[in-house]
Amino acid sequence: MITHQKISDSELLGKIKKGEICFGGNRKLKIYGTLKCTSGKRIKRENRVFFSSAEEAKQNGFRPCGHCMKTDYQNWKNGLI
């Protein structure tokens, strides 16, 4: 998990292009999603974190975004109910 405050914008862009970062998340709400998610783009910089995989996000206690990852979110939701 990489916090947005601890990485420069140029380093972040390089890691995204190399495929080292594939998902973004909200540190306070514990939600992760794709980098193109419109909901994720509104996250404040101090709350934004990045992951290399969905598994890494899940290991850190994050749940899938209900907006950009609807199928994964439904699977997660059905597992809790």
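The model is predicted: local features need pLDDT of at least 70, side-chain atom pairs count only at pLDDT 80 or more, and totals for chains, interfaces and linings use all residues. Residues are numbered from 1 along each chain as its sequence is written, and side-chain values use heavy atoms, with hydrogens and water left out.

**Fold**

The protein has three helices and five strands. These are DSSP runs, numbered from the N terminus: helices are H or I of at least four residues, strands are E of at least two. Along the sequence the pattern reads β-α-β-β-β-α-β-α. The radius of gyration is 12 Å, close to the 12 Å from the globule rule for 81 residues, so the protein is as compact as a globular protein of that length. That radius is taken over C-alpha atoms, and the rule is 2.2 Å times the number of residues to the power 0.38. Along the principal axes, the C-alpha atoms fill a box of roughly 40 × 25 × 20 Å.

Buried residues make up 32% of the 81 residues. Buried means under 20% relative accessible area, exposed over 50%, and partly exposed in between (1.4 Å probe, protein chains only). Of the contacts (heavy atoms within 4.5 Å) with a separation of 6 or more, 58% join residues 24 or more positions apart.

UniProt lists residues 23-68 as "domain: Ada DNA repair metal-binding", in an unreviewed entry. Such annotations may be inferred rather than shown by experiment. This stretch is 13% helix and 30% strand, with its end C-alpha atoms 11 Å apart.

| Residue | Loop between | Relative accessibility |
|---|---|---|
| His-4 | β1 (2-3) and α1 (9-18) | 6% |
| Lys-30 | β2 (23-26) and β3 (31-34) | 37% |

His-4 counts as buried. Its side chain makes a polar contact of 3.5 Å with that of Arg-45. A polar contact is a pair of N or O atoms within 3.5 Å; within protein, one must be able to donate a hydrogen and the other to accept it, and residues adjacent in sequence count only if both atoms are side-chain atoms. Beyond four places in sequence, His-4 also touches residues including Asp-9, Leu-12 and Phe-50.

Lys-30 counts as partly exposed. Its phi is near 60 degrees, a positive value in a residue other than glycine. Most residues other than glycine have a negative phi.

**Glu-56**

Glu-56 sits in helix α2 (residues 54-59). Glu-56 is buried yet has no salt bridge, meaning a side-chain nitrogen of Lys or Arg within 4 Å of a carboxyl oxygen of Asp or Glu. The nearest side chain of opposite charge, Lys-15, is 10 Å away. Lys and Arg count as positive and Asp and Glu as negative; His and the chain ends are not counted. A polar atom of the Glu-56 side chain lies 2.4 Å from the backbone nitrogen of Met-1. Not counting residues up to four places away in sequence, Glu-56 touches Met-1 and Phe-51.
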